[in-house]
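Please look over the model below before reading my comments.

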Amino acid sequence: MKLKTIVFLLALFAGMTLQAQDSIPPVKSNPANNHCFSCHGKRWYTYANKDSSQVIKHKMFKDLIIDTVAYYHNNHKSLACTDCHASDYNNLPHKSDLKLEPLLVCTDCHTDTDDVPPINFTGITEEYKKSVHATRKNTGVSCWSCHNPHSYNITTRSKENLNQVVAYDNSICLECHSGMGKFDILYGDPKSNLIAKHKWLPDPIKHFRNVRCIECHAEIRADVLVAHNIRPKEEAIHNCAQCHSTDSRLKYSLYKYQLAQERSEKGVLTSIISSRDFAIGTNPSPLLNLISLLVFACAIGGVAIHTIIRIMKK
Amino acid sequence: MSGKVYLYPIWIRLWHWLNALLCLVLIFSGISMHYASPDATRIRFDLAVTMHNISGILLTANYIIFFLGNLFTGNGRNYLIQFRGFRQRMWKQIYYYAFGVFKKEEAPFPIGSARKFNPLQQVTYAVVMYFMVPMIFITGWALLFPQVIVSEWLGINGFAATDFLHILGGFGVSIFLVIHLYFATMGKKPTDHYKAMISGYHDDESEHESENDSEKNHI
């Protein structure tokens, strides 16, 4: 009995260890950042007063703390802090006028590339400027509000798990648009106002898990990979068939990258059979529809002919 | 005038008509979803989904009644196919529907207390009720709880495959419905079978049966 318990615990431990190894890949840090992260990677930082040699300990302002693990797993992990921030920050204490340093925006570094389909940063900027985030006064929203440069991972160009893409992207919206933890929303707390507001959907939770907020709340532009023109709530899509139909909106938004990749790699038919995305009504086969209509017509025609002959022979 | 025989007890009639109603709702709401379009004037999508879900759940419950009823009453034996001589009996029935009925020939397998289904009905009902309908509600429940569906198998999208089987089954039932409604008019009078499924009583057509006695013993 004891042996069984030990074997079970060992197996459980081995499983947990393996899982942990799978889920958190090793961090490869950039030594150039160690100096910055020695203070900004911690909740408390210390420095020595040059005059008195006294060591002073201070609490780091929350917004200036960088999650170093998240940083070294984010899209900007290869960058040194001073690639974006002034090199004067290497000097301590930081000069106060460095606070006036203008912050970069995405398009200061990111330019349009030949990716298929293209991200189109110019288009994203134009669309963003039309969105409620930009046009409403005092929202305080900038690129960084949604795309934290120290932790952001672009998920849109992922062919793997679409649900992870959805969960990640929706969590960005929920950071501001939810009064509660994002997991509570994603996993269905009935007390959530957000769910109450979406109860017109046949199954709000299923939708939250399978499509992004922007599918209904943003205007799609054909040449922009991810819609950034967030519309006022009154303009949100309320027509199910906008997504659940052959010409689904999802094909131009959530599934756009996958479809473009898979169709170029496998061809249209194979991409439909093997694609990982699925929503009712989006992928009916025109050929099967035609065959089914012909079979149905044959059944009706057979019945009609039989009826006529029966009447004639009466 | 032949005598009446009590062929359809109340539970079968209630099951049958509820099944018919649910199938109609499922077919129309299913077609509406399948051909959904933002501009179309069919059943509103969310309404169609709700109708389809509720009807599907009720259809499953109704099927359980059917299954248990067949298991614990004598009704189940009507679906048991006797394979000896079955092909000949089926061809005889097909010949009757294709030619005999126009020549005013007697039905080769008249309905009576000993036989409720002709061989063609027997095989069709068995396939529909023990293969097609279970396939529809199993795939339907899977689509209702998509997390149980294997997302990919041998490079095939599990959701798309489940949906395909569901629609295939639904299409099969739609075809069955058309043919069933028509063949239900093939009694002595076109309305005989319909009336029988309401009252439970059917003309005992087997009273004058003579030449088919040998086949009857195989049913």
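1. Ground rules. This is a predicted model: local features need pLDDT of at least 70, side-chain atom pairs count only at pLDDT 80 or more, and totals for chains, interfaces and linings use all residues. Residues are numbered from 1 along each chain as its sequence is written, with chains lettered from A and ligands numbered from 1 in the order written.

2. Chain contact. Chain B gives 26 residues and chain A gives 26 residues (contact: C-beta atoms, placed from the backbone, within 7 Å). On the chain B side, helix 5 (158-183) is among the elements giving two or more residues. Helix 5 of chain B supplies the largest share, 9 residues. Elements are DSSP runs numbered from the N terminus: helices are H or I, at least four residues; strands are E, at least two.

3. Helix pair. Helix 16 (residues 286-312) of chain A packs on helix 5 of chain B at about 5 degrees, axes 10 Å apart. Axes are lines fitted to C-alpha atoms over the stretch in contact, and angles run from 0 to 180 degrees between N-to-C directions. The pair is therefore roughly parallel (under 35 degrees). Contact residues include Phe296(A) and Ile300(A) from helix 16 of chain A, and Phe171(B) and Tyr182(B) from helix 5 of chain B.

4. Bent helix. Where is the kink in helix 9 of chain A centred? On Ser171(A), at about 30 degrees (the angle between axes fitted to the seven residues ending there and the seven starting there). Helix 9 of chain A has 16 residues, 162-177.

Terms used: Contact = placed C-beta atoms within 7 Å. Expected span 1.5 Å × (residues − 1). Parallel < 35°, antiparallel > 145°, perpendicular 65-115°, else oblique.
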